[in-house]
Amino acid sequence: MIKNVGGVHTFCQRTNRNKEANSKWVAAVLQKSILANPSIATKDLKNQLQEKYAAMCVEHTIYRAKKRVLETLTIDHVNSYAKIRKYANAMIAMNRNTKAKVMIGLSLTDIPRFQRFFLSYNAMQIGFVQGCRPLIEVDGCHLTGEFEGVMLSAIALDADSGIFPLAFCVCEVKKTDTWVWFLRLLSEALNWDDSRSIYFINDRQKGLTNALKQTWPRAERRHCFRHIIANFNATYKNLNMTGKLWAASRSKDAAEFMAFMESIKEESVQAYNYLMKAKPKR
């Protein structure tokens, strides 16, 4: 046993460089940050390493770590799309009367390729028919990521004015053909009685308007007022009428609505004519 050490000990200088801090380790400790914000800058990840672990890595190591994490996302997406048919069949088997449909296309090399997916749970269908207002809003948004694409959705309002989802669809682009496919499957899922009134709200997209005429010919069509205001403000940038427009949209009767419209007409006849082209109805 050593009890005494002769000489003077010099404290070792601390260093924040560690050979063990390779790209694999960096990927493990920064995985949550990268997944939460895939576009995060390498400089910000480097600062996180220094603050949390007092470790300094060259930017190339951090870049490879970020690439390693993002590649796992791509692999997961590929595997998920490969299992989409099994997922649809499982939904139908476990949720009776659920509407799930997968459309497969062929690539240039004649290899089967995912094209569209539709899903509407039976609980959504029953809830809409029995407990929601006959009002459906349809819209679409672009998907980011490796394969991109578009998500189409249909929602309604329940008795408490809460958002009630009806169906969604993942497809290639927003066009008349995809809207027709989505809306036709929605019609089949709801099995709507044509003798009952139903209303659709949309953003006046031409492809969607044409698709509604084909698939729901008896449905009344309304336009999203937020989109109307956005288009109005883009056309008439010098006019500040947002408050009047929202007040007009909340009118209790036709007389009150026309009173607001007349006040708009006094400021700009062109703006009045532009709004009246939307054919407002009660």
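I started with helix H11 (residues 254-267) and helix H12 (residues 269-276) in this predicted model. I find them packed at an angle of about 140°, their axes 6 Å apart. Angles over 145 degrees count as roughly antiparallel. H11 and H12 are therefore oblique to each other.

Next I looked up who makes that contact. From H11 I list Met 258, Met 261, Glu 262, Ile 264, Lys 265 and Glu 267. From H12 I list Val 269, Ala 271, Tyr 272, Leu 275 and Met 276. I then sorted the contact of H11 with H12 by class: eight nonpolar residues, three charged and no polar.

I moved on to the sheet. I read an open sheet of seven strands, in the order S1-S2-S5-S4-S3-S6-S7. The pairing is mixed.

I took one pair for a closer look. Strand S4 (residues 150-158) and strand S5 (residues 163-171) run in the antiparallel sense, paired over eight bridges. In this pair I find Ser 153 opposite Phe 168 in S5.

Last, I checked which helices sit on the strands. Helix H6 (residues 122-131) lies across S1, strand S2 (112-120), strand S3 (132-142), S4 and S5. I get about 135° between H6 and S3. Helix H8 (residues 206-215) also packs on the sheet, where I see it touching S3, strand S6 (199-202) and S7. For the direction of H8 against that of S6 I note about 165°.

Key:
Residues are numbered from 1 along each chain as its sequence is written. This is a predicted model: local features need pLDDT of at least 70, side-chain atom pairs count only at pLDDT 80 or more; totals for chains, interfaces and linings use all residues. Side-chain values use heavy atoms; hydrogens and water are left out. Axes are lines fitted to C-alpha atoms, for helices over the stretch in contact, and angles run from 0 to 180 degrees between N-to-C directions. Helices (H or I, at least four residues) and strands (E, at least two) are DSSP runs, numbered from the N terminus. Angles under 35 degrees count as roughly parallel, over 145 as roughly antiparallel, 65 to 115 as roughly perpendicular and the rest as oblique. Contact means heavy atoms within 4.5 Å. Ala, Val, Leu, Ile, Met, Phe, Trp, Tyr, Cys and Pro count as nonpolar, Asp, Glu, Lys and Arg as charged, and the others, Gly among them, as polar. Two strands pair if DSSP finds at least two bridges between them.
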